[in-house]
Amino acid sequence: MTPWMTTETGSQTVALKDNPPLVVTSVMPVCRLCKQNYPQSQFITGNGPRYQVCARCGVQHGLADPEDTPQLYSDEILNARLSLYTRRHLPWVSVLMGWILFLSIGRGIELWSGLFFGVLAISSLIIPVLHIMGKTRFLAELAKITP
Ligand SMILES: [Zn+2]
């Protein structure tokens, strides 16, 4: 949950409650090391060298432990999440592509059009069922790789 999401979806008072009073909701602070703007939640807390440093620079410069920065996904976790999402949604994409191909060029080819249509129709019926059946497992795996 990031502060700007609350600003857009919630009311102004909710957004102000979530942020420290010194931070204006529309202005995002700049990281001292990488000069990037981030929402306040992406900064590590502390004074001296840790002041105004984002979580990524904090970890890179040894100012913060990766365990102390749950807002930062490590590369491994990012890859794992990406491949999990890809595996989850690839069947939908392929069926959609299949239908687009079929509707644009796949019709009117003797024999093949019928086969193509049959495969598409069966996949379109099976994929939602598999999607619903795989939901619990997907959420379990996602929870495992969410810090
Ligand atoms: Zn930074």
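At what angle do the axes of helix α4 and helix α5 cross, and within what distance do they come? In this predicted model, local features need pLDDT of at least 70 and side-chain atom pairs count only at pLDDT 80 or more, whereas totals for chains, interfaces and linings use all residues. Residues are numbered from 1 along each chain as its sequence is written.

The axes of α4 (residues 75-106) and α5 (residues 112-133) come within 10 Å and cross at roughly 150°, the axes being lines fitted to C-alpha atoms over the stretch in contact, with angles running from 0 to 180 degrees between N-to-C directions. Because angles over 145 degrees count as roughly antiparallel, α4 is roughly antiparallel to α5. Contact (C-beta atoms, placed from the backbone, within 7 Å) joins P91, W92, V95, G98, W99, F102 and G106 of α4 to S113, F116, F117, L120, S123, S124 and I127 of α5.

Overall, the secondary structure comprises six helices and zero strands, where helices are DSSP runs of H or I with at least four residues and strands are runs of E with at least two, numbered from the N terminus.

Buried residues, those with 20 or more other C-beta atoms within 10 Å of their own C-beta atom, make up 8% of the 147 residues. The largest nonpolar core has eight residues, namely C31, F43, I44, V53, C54, A55, C57 and A64, such a core being a set of buried Ala, Val, Leu, Ile, Met, Phe, Trp, Tyr and Cys residues joined through C-beta atoms within 7 Å.

Conventions: Buried ≥ 20, exposed ≤ 12 C-beta atoms within 10 Å, placed from the backbone. Parallel < 35°, antiparallel > 145°, perpendicular 65-115°, else oblique. Contact = placed C-beta atoms within 7 Å.
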